[in-house]
Number of protein chains: 2
Amino acid sequence: MNNLTKMNILKPANDVFEAFVDPEKIGNFWFSSSSERWQKDKTITLEYKEYNAIVEIEVLEIIDFKKIVYRWGESGEEHIVTISLTELDDLSTLVEVKEEGFKQDDPDFLNQLIGNKEGWVYMLTCLKGYLEFGVNKLRTGLAE
Amino acid sequence: MNNLTKMNILKPANDVFEAFVDPEKIGNFWFSSSSERWQKDKTITLEYKEYNAIVEIEVLEIIDFKKIVYRWGESGEEHIVTISLTELDDLSTLVEVKEEGFKQDDPDFLNQLIGNKEGWVYMLTCLKGYLEFGVNKLRTGLAE
């Protein structure tokens, strides 16, 4: 079972790619910090200062300006996230985020899937606001 | 079964309320047009020009600056949407959107719920971008 979310962003794929991998940029739309530049086989520590949360991700694959694949989660509960960038023309990029690893027999399956969808739609809209309009204060509005 | 989404918006409840009910404002963050001001017992035609879609809603309840309840959907398949506004202080409002009417025995239940969550998170983030930063071009980026 996977969760797929797609957003058109009116920027070249290069700009979208850098927003994810450059630790100077991620705080404008997603996590508050990223420990270093995302590269294949690196383990990156991502912090959500506002929610007092830390997550470690392992970067499995990077194709510059096209694809980022990473793993997160504890042993036996790993999820794989694939971020694919398709440049539609010089001015726009389709960003597709797919998360895999949900277990249909988990009693919390439905809530996990819905919460996951919420997070990805929110991040991608914040990314659009940041890259297209320079707005970097959208990212902490979602309430529990 | 319902779907609940919450967003903090750094504006007074009055401003958030008007963004929904004033047909001059909705095109900045949600539908492209609204046929008239939302008032109790009115049937409003909402258009999504970009997706060639039209939906009619029946406004069931309005409490100025606090609550909007409407019904949409065909007979036997109606959904009820409740938008609640709680002013946290003069500068911020918690917006809660609850949609009810999902049927757990529908084979498409899971997809409906996830698609619904996607739509509400997106709209609320676009609303935040519009009200807080004057950005009114976020609303058509989500791709199928």
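**Exercise 1.** Find the residue of E3(B) that stands opposite Ser34(B).

Solution. Step 1: the model is predicted, so local features need pLDDT of at least 70 and side-chain atom pairs count only at pLDDT 80 or more, while totals for chains, interfaces and linings use all residues. Residues are numbered from 1 along each chain as its sequence is written, and chains are lettered from A and ligands numbered from 1 in the order in which they are written.

Step 1: helices (H or I, at least four residues) and strands (E, at least two) are DSSP runs numbered from the N terminus. Strand E3 of chain B covers residues 43–48 and runs antiparallel to E2(B), joined to it by 2 bridges. Two strands pair if DSSP finds at least two bridges between them.

Step 2: in E3(B), the residue opposite Ser34(B) is Leu46(B).

**Exercise 2.** Give the strand order of the open sheet of 8 strands and name its edge strands.

Solution. Step 1: the order is E8(A)-E1(B)-E7(B)-E6(B)-E5(B)-E4(B)-E3(B)-E2(B), with antiparallel pairing.

Step 1: strand E8 (142–143) of chain A and strand E2 (33–34) of chain B are the edge strands, since each pairs on one side only.

Step 2: E8(A) pairs with E1(B) over 2 bridges in the antiparallel sense. Leu142(A) has Met7(B) as its bridge partner in E1(B). Strands of a sheet pair through backbone hydrogen bonds, either parallel or antiparallel.

**Exercise 3.** Which strands of chain B does helix H1 (residues 13–21) touch? Which does helix H2 (residues 109–133) lie across?

Solution. Step 1: two residues are in contact if their C-beta atoms, placed from the backbone, lie within 7 Å. Axes are lines fitted to C-alpha atoms, for helices over the stretch in contact, and angles run from 0 to 180 degrees between N-to-C directions.

Step 1: H1 of chain B packs on the sheet and touches E1 (2–9), E5, E6 (79–89) and E7 (92–100) of chain B. The direction of H1(B) makes about 155 degrees with that of E6(B).

Step 2: H2 of chain B lies across E1 and E7 of chain B, at about 15 degrees to E1(B).

**Exercise 4.** Describe the side of chain B that touches chain A.

Solution. Step 1: 23 residues of chain B are in contact with 23 residues of chain A.

Step 1: E1, H2 and strand E8 (142–143) of chain B each give two or more residues to this side. H2(B) supplies the largest share, 12 residues.

Step 2: the residues divide into 14 nonpolar, 5 polar and 4 charged. Here Ala, Val, Leu, Ile, Met, Phe, Trp, Tyr, Cys and Pro count as nonpolar, Asp, Glu, Lys and Arg as charged, and the others, Gly among them, as polar.

**Exercise 5.** Are Asn52(B) and Phe65(B) buried, partly exposed or exposed?

Solution. Step 1: a residue is buried if 20 or more other C-beta atoms (placed from the backbone) lie within 10 Å of its own, exposed if 12 or fewer, and partly exposed in between.

Step 1: Asn52(B) has 7 other C-beta atoms within 10 Å, so Asn52(B) is exposed. Asn52(B) lies in the loop between E3 and E4 of chain B and has a positive phi of about 50 degrees although it is not a glycine.

Step 2: Phe65(B) has 16 other C-beta atoms within 10 Å and is therefore partly exposed. The place of Phe65(B) is the loop between strand E4 (53–63) and strand E5 (67–72) of chain B. Phe65(B) has a positive phi of about 65 degrees, although it is not a glycine.

Step 3: leaving aside neighbours within four places in sequence, Phe65(B) is in contact with Ala13(B), Asn14(B), Phe17(B) and Leu85(B).
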